Amino acid sequence: MRLSRYFLPVLKENPSEAQIVSHRLMLRAGMIKQAAAGIYSWLPLGFKVLRKLENIIHEEQARAGHIAIQMPIIQSADLWRESGRYDDYGQEMLRMKDRHDRDMLFTPTAEELVTDIFRGHVSSYKDLPLTLYQIQWKFRDEIRPRFGVMRGREFYMKDGYNFDLTKEDSLHSYNRHLVTYLRTYERMGLQAIPMRADSGPIGGDNTHEFLVLADTGESEVFYDSAVTDLTFGDRQIDYDSHEQCQAILEEFTSKYARTDETHDEALFNQVPEERRRVARGIEVGQIFYFGTKYSEAMGATVQGPDGKPVPVHMGSHGIGVSRLIGAIIEASHDDKGIIWPEGVTPFHCGIVNLKQGDDEADAACNKIYGALTALGLDPLYDDRKERAGGKFATMDLIGLPWRITVGPRGLKNGVVELTCRRTGESEEMSPEAAVTKIAEIYERIA
């Protein structure tokens, strides 16, 4: 993509309505535009990152054997009355009537709808286990939407639902989801700590939230600092193995880590004093096991091995895809702008032409651009007739992890400058070497 042809409406000044870093930088970088309170249009740069996150989630869900579906945004209230949640959910649910005066609602979550799909098509224990998921827009009518995509009313969410014959099998599904989420967040360049949490209106006794530590987090969290030393890495997991998934659950949840809703001061005091930490965290996902809460209420049963009907055990598992972008920016930025991790960057690198219109500089930039795209990479070439300072400021603001700077002076010596956005360090090398290094960086994280 050439910047002269791209739609990137960056702002030079900080928007007055933005209270936190991620909201301010997403507006300034031309990623989003507010359409109404807590509701945003996703502009090209923001939409590109959103799709990057979505693809990573799909890949990790497929790796675990989970199956993607797509459910409607508008649901019938009748299903929610069946489960008993229609009146209990509160004013966060946006209720409406269609032209035939039927009660409808804008989806805040989809346990009822997916249970209805299951009960209509699955009748035997031989068809279990089954996990269905979707990535879909949701709406919750927050009383005070704020902080941009971090606490909006409309949001993009991955929600998954497992159906199992027994509690043991369903808890394995719970553990399996914890493993997939650890892998997912690490691929996005995040350390998301699983913390014992409250289940809220979803229900159930087993639940963990995944939180990214950040000063602007909405939750107070208490944890053993040893949990921040844990990484999933490149380990290979058999998702069908109860033992392997259980071992990872124990590894990542045995040390104290809880939100303020479930904090236990007596247990926390058992952590060595030098490792006790109190901080703020941003919730980016949650997993639940709630047993037969919905299957019993809605008649979602299968014929068991003895021929008798058995209500299935269920759980649900969510990732806040749109709020993840805010969390990544909160965790990765400086005073110049965003710093994207390589796994989620909208463009793999930026190319800055210091003298647009100079035949040699133009030719060198075009050659680098062509070489990178031929390797399957996606560079952003700033080919505008703009001052160098303005070009650098734009690249720093939008946060591409690598920048190749091309100018007549360097080309006389056969070199360009490769700059790392995170460290600010620059290195002179041949254009061919710069292309090779960028390719090697992204090959390592593929």
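Predicted model: local features only at pLDDT ≥ 70, side-chain atom pairs only at ≥ 80, totals over all residues.

Reply: Strand E6 covers residues 103-106, and its pairing with E5 is antiparallel, over 4 bridges. Look across the pair: Arg 95 stands opposite Leu 105, which sits in E6. What holds such strands together? Backbone hydrogen bonds pair the strands of a sheet, in either a parallel or an antiparallel way.

Now widen the view. E5 and E6 belong to an open sheet of 3 strands. Read across, the order is E4-E6-E5, and the pairing is antiparallel. Which strands form the edges? They are strand E4, residues 74-76, and strand E5, residues 94-97. Each of these edge strands pairs on one side only. From one strand to the next, the twist averages 35°.

Next, another strand. Strand E13 spans residues 276-291 and contains Phe 288. Is Phe 288 buried or exposed? Its relative accessibility is 8%, and buried means under 20%, so Phe 288 counts as buried. Now find Gly 318. Along the sequence, Phe 288 and Gly 318 are 30 residues apart. In space, their C-alpha atoms are 8.8 Å apart.

Turn to the cysteines. How many disulfides does the structure hold? The count is 0. Take Cys 420 as a case. Its closest cysteine sulfur is in Cys 349, 12 Å away. A disulfide needs two cysteine sulfur atoms within 2.5 Å, so the sulfur of Cys 420 is too far from that partner for a bond. Cys 420 is also buried, with a relative accessible area of 13%. Cys 245 is buried as well, and its relative accessible area is 0%.

H2 supplies the largest share, 6 residues. By type, the lining residues of this pocket divide into 11 charged, 9 nonpolar and 6 polar.

Find E6 between E4 and E5 in the strand order.

Methods. Residues numbered from 1 in each chain as written. Heavy atoms only, no water. Pairing = 2+ DSSP bridges. Helix = DSSP H or I, 4+ residues; strand = E, 2+ residues; numbered from the N terminus. Axes fitted to C-alpha atoms, helices over the stretch in contact; angles between N-to-C directions. Buried < 20%, exposed > 50% of the residue type's maximum accessible area, 1.4 Å probe, protein only. Nonpolar A, V, L, I, M, F, W, Y, C, P; charged D, E, K, R; others polar.
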